[in-house]
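Please open the structure in the viewer and keep the selection panel at hand. The stops below are meant to be followed in order.

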Amino acid sequence: MKRNCLSLFPLLCSILLLSACKNNTEVNISNLRCEFLNNPSGMGITNPRLSWELNSDKRGLKQKSYHILVASSLENLNADNGDLWNSEKESETSILVEYNGKPLKSRDVCFWKVKVKTNQGDSPWSKPASWSIGLLNETDWQAGWIGLDRMFKGDVFDRSNSRLAARYFRKEFSATQKPEKATVFISGLGLYKLFINGQKIGNQELSPTPTDYTKSVKYNTFDVTDIIQEGSNAIGTVLGNGRFFSMRPPGVPHGPVAEIKHFGYPKMILQLELDYPDGSKQVITSDNSWKVTAEGPIRANNEFDGEEYDARKEMPGWDNTGFNDHAWLQAETVQSPGGELEAQLNPNIKIMETITPVNISEPKKGTYILDMGQNMVGWIRMKVKGKEGDKVSLRFAEVLKEDGTLYMDNIRGALVTDIYTLKSSTEEHWEPSFVYHGFRYVEITGFPGVPTVNDFEGKIVYDEMEITGKFETSDPTINQIYKNAYWGIRGNYRGMPTDCPQRDERMGWLGDRAVGSHGESFVFDNYHLYVKWLDDIEQTQLENGSLSDVAPAYWAFYGDNMTWPAAYLTIANMIYEQYGDPEPIKKHYKSMKKWMSYMRKTYMKDHIMTKDIYGDWCMPANSVSS
């Protein structure tokens, strides 16, 4: 969804798709949607844009007018009392109708419905939908950033390696009553998992969405009313590195890269607001009263190199009340990442599909190769039984050599290896928390006994979005091309559209998606992802107007060419053509014009652009080293 839009469901601003049931009328309304767009001024947004779908069994359906009611409570809405907005308008528009009611403020919850008049008769009221407003102002935040800005035993950050254990935080508090409403706002960088009273909050993975954290930081919002209990409660968070603690240290040579951005050690900000039935309120915030440790089971996590998990170091009950945390350290107040703290508008990554392996082989004694039957992006969930201290290594690749072992040349410097250390002699289940891999094959070593395909599952992860189109012909070759594209596209939706999911790159190269975004939109509802990415692109812009070829600029590479930054204009136009939304063009027009002016003044001679760097950069196979 869009900025400062807080859903009543756990995920921030999830789209509410409430289908109207069939009845005796010929016209029905379904698919109510609420969209926000980031404000270029950085101020909070309170004017969502509302959309809906008309359904009729007859051809030629045409809307003549709409009537929208927006109310401050479901009771008012059910009584047809639009105390926030009562709009009747002669218009054929049914998408992106801007809210024009009473001014809204932080934390407001709004309920709405719509009915229409058409050339085939009037519809009944739609089923209700809702949106909420997040934290619009800096003063709404009482919480501060906390962390530990230092290394611990086993952590490494040098020219050849980047290795950092996950940070575990906890806080116990007492709720004076059972809350009428409980809302938690969180940003954990680079990645987080959130638990309350031993329960994982939300179904998101690898969250929040990646950004240049010096420019913007996204927070997620969850309704946790059902989880908070009167009396003692506990909050637990785990922080992974993601793109915040860099996968490679700055200064490490890597092809054409001018700079590798590193933002610091993991840190978090959290605010839990409890609204009680008697009208009182309690706020629990991240501060130096929290406890923290780096001695948990996630010993290393790096999106290039993999995750290492030592189950012997698990801490049962650490995310629940009554846990003994005396050996933990006191959390420290740390500096903000620098970027503006904003509600996340694009949905998070989640597990979108689970597949089972098709085969397992043993090309070398004690080395097994698991075949998923399909190149995929995500990770493996493993079932294993051995003895305490056994280590199982999982190494990932896309292709096999002729001898049946992994082909690793195209992976370059990435280690792409997960390591799990067993804690007992009973059956254990494990999957990583803060990494992903692009692979078809998994090399398994150290597995106690003989592994079978029944010991593994493949978790396919990408940005939560609807599949809106499918394609099939009578030609199997064309069908396979489409299938390859389908898997490749969704495998590179990572809160930004990346170039690859497997080697030591995985960056948001602009040129890779310039025209491709248009084709993708016929299969995936990629609106939210690309609206967000346009913000990432603008945030790479230098004072002189130059744009980085990578966004977010984790590799700050300013090649000053037309082909890659042109994606900025092309994708904004795609959003207009495919989704009918001109606002991204309006929002980014000044920035786009600044880039065009810079390129024209700096490189254009006699109306010819004299600067480019890529050309036919993809060289023929076997002509160069991988």
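Select Gln63 first: in this predicted model, the residue is buried, with a relative accessible area of 5%, which places Gln63 in that class because the cut-off for buried is under 20%. Gln63 belongs to strand β3, residues 63-71. Display its side chain and two polar partners can be inspected. One is the side chain of Trp52, in polar contact at 3.2 Å; the other is the backbone oxygen of Thr93, which the side chain of Gln63 reaches at 2.8 Å. Beyond neighbours within four places in sequence, the residues in contact with Gln63 include Leu54, Ser91, Glu92, Ser94, Val116, Lys117 and Thr118.

Select Leu54 together with Ile29: Leu54, in β2, is the bridge partner of Ile29.

Now move to helix α4, residues 527-538. Its 12 residues reach 17 Å from first C-alpha to last, close to the expected 16 Å. Is this helix mostly covered or mostly uncovered? It is mostly covered, with 11 of its 12 residues buried; among them are Tyr527, Trp533 and Ile537. To see what covers these buried residues, show β1 (27-35) and β2 (49-56) again, then β36 (456-463), α3 (516-520), α5 (567-579) and α6 (583-603), which are included in the cover.

Conventions: Residues numbered from 1 in each chain as written. Predicted model: local features only at pLDDT ≥ 70, side-chain atom pairs only at ≥ 80, totals over all residues. Heavy atoms only, no water. Helix = DSSP H or I, 4+ residues; strand = E, 2+ residues; numbered from the N terminus. Expected span 1.5 Å × (residues − 1). Buried < 20%, exposed > 50% of the residue type's maximum accessible area, 1.4 Å probe, protein only. Contact = heavy atoms within 4.5 Å. Pairing = 2+ DSSP bridges. Polar contact = N/O pair within 3.5 Å; in protein donor to acceptor, adjacent residues only side chain to side chain.
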